[in-house]
Amino acid sequence: MDKFEIAVIPGDGIGMEVVPAAMRVLDAAADIHGGLSFEWTTFPWNCEYYLKHGTMMPDDGIATLRGFHQIFLGAVGMPNLVPDHVSLWGLLIKIRREMQQSVNVRPAKLLNGLTSPLRNPSAFDLVVVRENSEGEYSDIGGRIHQGSDEMAIQSAVFTRKGTERVMRYAFQLAEKRRKHVTSATKSNGISHSMPFWDEVFRDVLKDYPECATISHHIDALAAFLVMKPHAFDVIVASNLFGDILTDLGGAIMGSIGVAPAANLNVERTYPSMFEPVHGSAPDIAGKGLANPLGQIWTGKMMLDFMGYEELGNLVLDAMEATLAAGVKTGDIGGVSSTSEVTNTIIDYLRRRT
Ligand code: NAI
Ligand code: MG
């Protein structure tokens with residue numbers, strides 16, 4: 001029996017609704033498998049915690065998290081209580097940085113029973129692999145002078161280590177999928193870092209001869225994601241380009257409420273963190289209206305990362321069966337509650353065995 005110790009941070013708002021829902025689905029999946037179980041330890045680190053303690057997590061929070069196999073997080077943020085930059089940097093970004101979660105993975109797939117805003121899209125199933133630790137989102141730069149003389153400089157940082165690491169992860173993922181990797185570049189306009197990115201890509205691809213590759217400039221690639229998303233398998237991108245592409249990926253799926261994500265420590269020396277793309281949705285929190293699919297799909301990604309891909313696929317199948325049966329929340333045109341959707345998914349999972 002494989003037993004996984006998971007640190008759970010439901011966070012704020014609908015995080016507190018969709019995280020327990022996804023835990024129930026994962027427990028049901030573990031039951032069906034028979035050879036694995038989860039031990040969940042929940043931490044109350046959120047904006048309420050900040051109001052009581054003046055910090056989003058205790059000083060030894062990172063050390064505590066290190067002892068777990070993985071971290072399962074809902075969403076953080078209650079802008080009416082705590083400014084977003086405080087809650088985000090105090091918890092989420094701190095964990096991502098200190099745990100060296102240098103690769104961010106976000107799939108986008110046309111799910112059965114979900115309406116994409118694209119007109120008659122062909123079936124698409126792609127994954128954006130985004131560099132999560134450097135690139136355009138480095139903290140290097142500064143401002144000088146005032147008034148009309150004022151200026152700002154912000155540097156982008158591309159290391160060979162970070163660039164290779166994210167590309168290798170993308171190729172290894174593609175080898176398990178349709179064996180195609182697209183590189184998001186902009187070497188026609190960005191004359192140092194992007195030609196470097198292209199060079200590293202050309203070096204790395206030699207180690208994965210089974211994979212076909214193509215490079216697209218980011219502007220054209222953004223358009224292709226709308227015009228022909230079915231043409232893509234794995235897309236590898238820098239921090240900024242990946243950030244933009246993944247929002248687009250979520251949008252063409254039909255709702256932010258279904259989009260999953262993983263922050264991976266690919267070396268597996270620290271736990272990775274699994275959290276959906278959406279935030280805490282204060283506008284609908286506490287009403288049973290939240291779509292649990294994003295969090296549940298995120299749980300599927302955790303199963304995949306821990307080596308239980310077949311089981312993960314069963315979870316995704318059960319999600320699609322539930323959608324196709326019309327059991328869905330309001331954000332995607334249904335009338336069902338968070339728990340009705342969750343229960344239906346669990347029923348489909350059990351029926352498969
Ligand atoms: P949001 O994703 O929370 O909500 C945007 C819109 O989508 C809202 O109308 C919301 O009701 C809807 N929505 C989101 N998830 C949904 C779901 N599962 N089911 C049904 N509807 C859903 O983004 P917003 O409003 O910009 O941010 C709210 C708070 O969340 C802020 O404090 C923000 O900083 C934080 N946030 C946290 C993230 C994280 O923890 N990773 C990511 C994005 C935002
Ligand atoms: Mg974004």
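Helix α1 packs against helix α11 (residues 338-351) at an angle of about 10°, and 10 Å separate the two axes; axes here are lines fitted to C-alpha atoms, for helices over the stretch in contact, and angles run from 0 to 180 degrees between N-to-C directions. Helices (H or I, at least four residues) are DSSP runs numbered from the N terminus. The pair α1 and α11 is therefore roughly parallel, a label for angles under 35 degrees, with over 145 counting as roughly antiparallel, 65 to 115 as roughly perpendicular and the rest as oblique. This is a predicted model, in which local features need pLDDT of at least 70 and side-chain atom pairs count only at pLDDT 80 or more, while totals for chains, interfaces and linings use all residues. Residues are numbered from 1 along each chain as its sequence is written, and chains are lettered from A and ligands numbered from 1 in the order in which they are written.

On the α1 side, the contact with α11 is made by E17, V18, A21, R24, V25, A28, A29 and I32, and on the α11 side by T338, S339, T342, I345, I346, L349 and R350. Two residues are in contact if their C-beta atoms, placed from the backbone, lie within 7 Å. By class, this contact holds 9 nonpolar, 3 polar and 3 charged residues; Ala, Val, Leu, Ile, Met, Phe, Trp, Tyr, Cys and Pro count as nonpolar, Asp, Glu, Lys and Arg as charged, and the others, Gly among them, as polar.

Helix α1 (residues 15-33) also packs against helix α10 (residues 309-324), at an angle of about 125° and with the axes 10 Å apart. That angle makes α1 oblique to α10. Here V25, A29 and H33 of α1 meet L311, L314 and V315 of α10, giving 5 nonpolar residues, 1 polar and no charged.

At the level of the whole protein, an automatic or database domain assignment gives domain 1 (1-101 + 259-353) and domain 2 (116-253). Their centres, taken over C-alpha atoms, are 25 Å apart. Domain 1 brings 6 residues to the contact and domain 2 brings 5; the domain 1 side has 3 nonpolar, 2 polar and 1 charged residues.

Turning to the ligand, 24 residues surround ligand 1, and the closest are G77, G257, H278, G279 and N291; a residue is near a molecule if its C-beta atom, placed from the backbone, lies within 6 Å of it. Helix α4 (residues 84-98) supplies the largest share of this shell, 3 residues. The shell divides into 12 nonpolar, 8 polar and 4 charged residues.

Note on methods
Helices (H or I, at least four residues) and strands (E, at least two) are DSSP runs, numbered from the N terminus.
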